[in-house]
Amino acid sequence: MAQIPNLDNSPLNLKSLREQSQRDLVKILKDIRGKKCLVIEPKLGGSLSLIIQTSLLKEYGIELRHLSAEPVQTDFTKVVYLIPSQRDLMKFISSHVHSDISKGLQREYYIYFVPRREIQCERILEEEKVHHLITIGEYPLYVVPLDEDILSFELDLAYKECQVDGDTGSLWHIAKAIHKLESSFGVIPNVRAKGKASVLVTDILNRMQTEEPVNSSDMAVPEINTLILIDREVDMVTPMCSQLTYEGLLDEFLRIHNGSVELDSSIMGVQQEGKKIKVPLNSSDKLFKEIRDLNFEVVVQVLRQKATSMKQDYTEMTTTNQTVSELKDFVKKLNSLPEMTRHINLAQHLSTFTSKPSFLAKLDMEHTIVEASSYDICFEYIEEMIQKQESLINVLRLLILFSVTNSGLPKKHFDYLRRELLHSYGFEHMATLNNLEKAGLFKRQESKSNWLTVKRALQLVVEDTDTANPNDIAYVFSGYAPLSIRLVQHAVRSGWRPMEEILKLLPGPHTETKRGGFTSSQSFDALQGASSGLDKIADGRRSLVLVVFVGGVTFAEISALRFLSAQEGMAYDLIIGTTKIINGHSLVETFFESFG
């Protein structure tokens, strides 16, 4: 399992959240007496690896298995399933039970749904005639801390479900997760939401507060001052662009899962034929914490400088007589050698992708599309990609970027590209294209695009971006400032009101509400005051803003938020909540569906 992130430096006590989740799980397992086999759905296993160590589970006399269609192989008589509420998994479990019965095996079965049970799932168990043999419970895991400033609600498909299937179940889940945070840290007094889904989450959250109020009288000041919710739909430009931060690129090319990447041992300089190694990537690794949010160009320079200074130290050590304290300093530096080696290997591996002419050409094209200056050049480039049968996901990413910035494509061009795609990649992709059209990501143009107006008003393209000493969030994409983060910047600085006109040009409604009667807490407007006395809450802490992305957030956007939070004169810390960490590839993949 991946290394569990150290949450000591979090601006919010996320450790207590994680410990509560650990206690809940341990209680479930302790209540089922004796030895048991714990069968976990594989994706959920990844999330759990950030909550509890496998070694700890084994102390409770547990045998671990991953859920699959195959019957569970175990000598234990108690089988505990820990699974998300997905209907397709009920068939697996029913077939396991039938298989055991046919073999004459007598077992006790338990299903714990994460985070809550659903009637439809239980109905399938009834239809399969196994419901009466199973004890059913819930494991209320709504929030997983991925790192000291990131919370994930682990909802992989939230965006596609809302946009294509019209299923808003995930919005209840997000509201419940925020409501749970409030029961630990107080009711959040200021809420700003942009987008249809975000406004719905706000409504559900207020309804939950009415139905099961969080008692805020014992908390003088709520720990989170403001909640900003943003729909992914509001900004589909950002995830379609290639991220250029170190962590963003690692995710683009190597896919970060639950805070680690898995790669061939040879890349990490370990000679074990065909063996894969897991490399943890979180703030417990001090060097990673220092370089994760930098533009990749700069990371290479930083690593080079560190290596050079180490070499000089080594030369000095071997040629002169050092004092004991100088020796001690040198040994301290040597301790960081494994981290250095790890990131030099990773950076070297990344360079093999980023130096390819095809990658650089794609970056150029992304910038051309975002600048919306030469429609024909962009159209021809995408047409050529399709004819060369380049990777379908790469084509769709550019196509979505092109379609979104143009508010769709003229009918003639839309029909032509759609036809070409099906001819080149096969008609089984028709369902995928229909999904993209339903979500408004690749569609016919019905109205004039207002991208240019939005781009200018929010200064989304920043010329001459200095990636080494950035003074603007645009450094994360070498010249493009993520639209979503510009919105957060304005929401934090002055609220939605001054930018009302621009917000109307973006998808979905927006709201701004005050909640709970917090007379003792400062109003948000007071926080805007420049006087330093207002920047801190009464006990000297900085105020806290929770930014929630409904439909996913990219690592580059997280880096941009960290950059904002670190700016001089910034009066608050930021914590990021998201349905899932995404990139253009993983987001487009959720729309894939093949006929037949």
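## Domains, sheet and cavities of a predicted model

The chain is divided into domain 1 (14-141), domain 2 (146-236 + 468-587), domain 3 (246-354) and domain 4 (373-448), with bounds that come from an automatic or database domain assignment. Between the C-alpha centres of domain 3 and domain 4 there are 40 Å. This is a predicted model, in which local features need pLDDT of at least 70 and side-chain atom pairs count only at pLDDT 80 or more, while totals for chains, interfaces and linings use all residues. Residues are numbered from 1 along each chain as its sequence is written, and side-chain values use heavy atoms, with hydrogens and water left out.

**The sheet**

Five strands form an open sheet in the order S2-S1-S3-S4-S5, with parallel pairing. Helices (H or I, at least four residues) and strands (E, at least two) are DSSP runs, numbered from the N terminus; two strands pair if DSSP finds at least two bridges between them. Strand S2 (62-66) and strand S5 (134-138) are the edge strands, each pairing on one side only. From one strand to the next, the twist averages 20 degrees.

Strand S1 (residues 36-40) runs parallel to S2 and is joined to S2 by five bridges. Opposite Lys36 stands Ile62 in S2. Helix H1 (residues 14-31) packs on the sheet and touches S1, S2, strand S3 (78-84), strand S4 (108-114) and S5; contact means heavy atoms within 4.5 Å. The direction of H1 makes about 140 degrees with that of S1. Axes are lines fitted to C-alpha atoms, for helices over the stretch in contact, and angles run from 0 to 180 degrees between N-to-C directions.

**The cavities**

The structure holds two cavities of 30 Å³ or more. A cavity is a set of points on a 1 Å grid over the protein atoms alone where a 1.4 Å probe fits but cannot get out, and lining residues have an atom within 4 Å of a point. Grid points are joined across faces, edges and corners, and a volume is the space filled by probe spheres set on the points.

| Cavity | Volume | Lining by class |
|---|---|---|
| Largest | about 40 Å³ | six nonpolar, two polar, one charged |

Ala, Val, Leu, Ile, Met, Phe, Trp, Tyr, Cys and Pro count as nonpolar, Asp, Glu, Lys and Arg as charged, and the others, Gly among them, as polar.

Residues lining the largest cavity include Cys241, Glu366, His367 and Tyr480. The second largest cavity is lined by Leu392, Leu396, Leu421, Tyr425, His429 and Leu433. Helix H17 (392-405) and helix H18 (411-425) are the elements that give two or more residues to this lining.

Key:
1 Å grid on protein atoms, 1.4 Å probe; cavity = no way out; pocket = protein on both sides within 12 Å on 5 of 7 lines; lining within 4 Å.
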